[in-house]
Amino acid sequence: MAFDQKQMRIPGPTPVPHEVAAASARPMVNHRGPVFKKVMMDVLERLKPIFQTQNTILALTGSGTSAMEASVANLVNPDDEVLVLVGGTFGERWAKICRAYQAKVHVLDYTWGEGADPAQIADFLRRNPRTVAVFATHNESSTGVLNDLEGIGAAVRESGALLVVDAVSSLGGVELKTDAWGIDVVCTASQKCLMAPPGLAFLSLSQRAEQRVFEVSSPRFYFDLRVYLEWLKKHEPPFTPNISCFFALEKSLSLIESEGLGSVFARHLLLRDMVRAGLQALDLPLLVEDKWASPTVTAVKPGFSDIGRFLAALRETGVELAGGQGRLAGQIFRIGHMGSAAPVDMLATLAAIEAQLGGGGKAVSAAEQVWNRARQGKHVGGQGSEGHFI
Ligand SMILES: Cc1ncc(COP(=O)(O)O)c(C=O)c1O
């Protein structure tokens, strides 16, 4: 059977609300004309409260990885010493990009399924004072871990190294205080918590980072941020941007603004807790303990071995989940609960999971209890009861 409305519960891309999709279908405009200038500057300005920053935000036409690569290309010279925190495939991606740009890469591995330890980072930086930058993943989507970015920020600040953060699967769904936590570069993308189609990446640059962009000698062209900064003064992008995605973001930012950022964050915490309660009611082992549990993606390490067949059977019922990546491939499945996701979507997703596993309603009932407590203001993210979705 073909489903018009799927439960697309993967860790991105996420469902695009119909009004956002409709906005992206707006007729094309001249990217050098006054209409687009206004749209671009408006979107970049309205992203600042979500980044919680006064820093410059740049838009790149590409997926999240383009912002990651641009960060490395513009901040790291060949032979520079960098520290990369690796606890999953996206941490590994930072390391691969840094190696591609010929940095001397030190890896601080942390257990896949746990968060990085700020004390270990501080210790490494004390022993390796030549480290010019630290690359971290806020929300490691391959494991469902939310790192203690505030703690990491404090650990890095003492050393004077730049802190560069992949917030591709967290920004807009999870608190991220760029300025207060001292983060020099935050990278994100349009297709996750920001509820737009894939096609735009964003990065914020602290003054220190902006200065560094002009000092490094690494070769770069399409992602030369000096050029982006120069053109931004004229309110223009250097190259033809993803104009349709900008139109989409204008609308999705309105949705976030009208829900209120605090409510958006509280809703993501509620969705996480509903999903975890439902899975636990089915005795499905969670990969990550509560302390590190991501508000945007949850990983399950089930006892059964044929996860591929389980995911294919779910797909037949209209529910799309994700498998594991890297060394967790074939061992876990992941449920995305970010962006356009409501409590009832979690009930539907859990209902489909337990229909496959013979849960008899236990998962839905457990999740519903979490939701009910939230509506009575007893949930940790209780202020979410003001949110549109609740
Ligand atoms: C944490 C994280 N970083 C980076 C990426 C890469 O983003 P993209 O696929 O948009 O290049 C993803 C995408 O899943 C992600 O979840």
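1. Strand β5 pairs with strand β8 (residues 162-166) through 5 bridges, and the two strands run in the parallel sense. Within this pairing, V134 has L163 of β8 as its bridge partner. The model under discussion is a predicted one, and the points that follow should be read with that in mind.

2. Strand β5 also pairs with strand β3 (residues 81-86), again in the parallel sense, by way of 4 bridges. Here F135 of β5 stands opposite V84. Of the 7 residues that make up β5 (residues 131-137), 6 are buried, so this strand is largely enclosed by the rest of the structure.

3. The ligand is surrounded by 13 residues, and the closest of these are S63, T65, S141, D166 and K192. On the oxygen side, a polar side-chain atom of K192 is placed 2.5 Å from an oxygen atom of the ligand, while a polar side-chain atom of Q191 is placed 2.8 Å from a ligand oxygen atom. The ligand taken alone exposes 390 Å², of which the protein buries 87%.

4. A67, which belongs to helix α3 (residues 64-75), is worth looking at together with D166, one of the residues closest to the ligand. The two are separated by 99 residues in sequence, yet their C-alpha atoms are 8.7 Å apart in space. A67 has a relative accessible area of 0%, and it is therefore counted as buried, the cut-off being under 20%. Once neighbours within four places in sequence are set aside, the contacts of A67 are with L60, C187, T188, A201, F202 and L203.

5. Helix α8 (residues 225-232) has L225, Y228, L229 and L232 as its buried residues. These cover an arc of only 95° around the axis, which means that they sit on the same side of α8. The elements covering these buried residues include α2 (34-51), β2 (56-61), α3, β10 (200-205) and α7 (207-213). Helix α3, named in this cover, is also the helix in which A67 is found.

6. T89 lies in helix α4 (residues 89-100). With a relative accessible area of 14%, T89 is buried, and its side chain makes a polar contact of 3.1 Å with the side chain of Q325. Not counting residues up to four places away in sequence, T89 touches W112, E140, S142, Q325 and G326.

7. A separate point concerns an open sheet of 3 strands, whose order is β11-β14-β13 and whose pairing is antiparallel. The edge strands of this sheet are β11 (297-300) and β13 (322-323), each of which pairs on one side only. Between β11 and strand β14 (residues 333-336) there are 4 bridges in the antiparallel sense, and in this pairing T298 has I335 of β14 as its bridge partner.

Terms used
Residues numbered from 1 in each chain as written. Predicted model: local features only at pLDDT ≥ 70, side-chain atom pairs only at ≥ 80, totals over all residues. Heavy atoms only, no water. Buried < 20%, exposed > 50% of the residue type's maximum accessible area, 1.4 Å probe, protein only. Pairing = 2+ DSSP bridges. Polar contact = N/O pair within 3.5 Å; in protein donor to acceptor, adjacent residues only side chain to side chain. Contact = heavy atoms within 4.5 Å. Near = heavy atom within 4 Å. Areas by Shrake-Rupley, 256 points an atom, 1.4 Å probe, with all protein chains shown as cover. Arc of directions from axis to C-beta.
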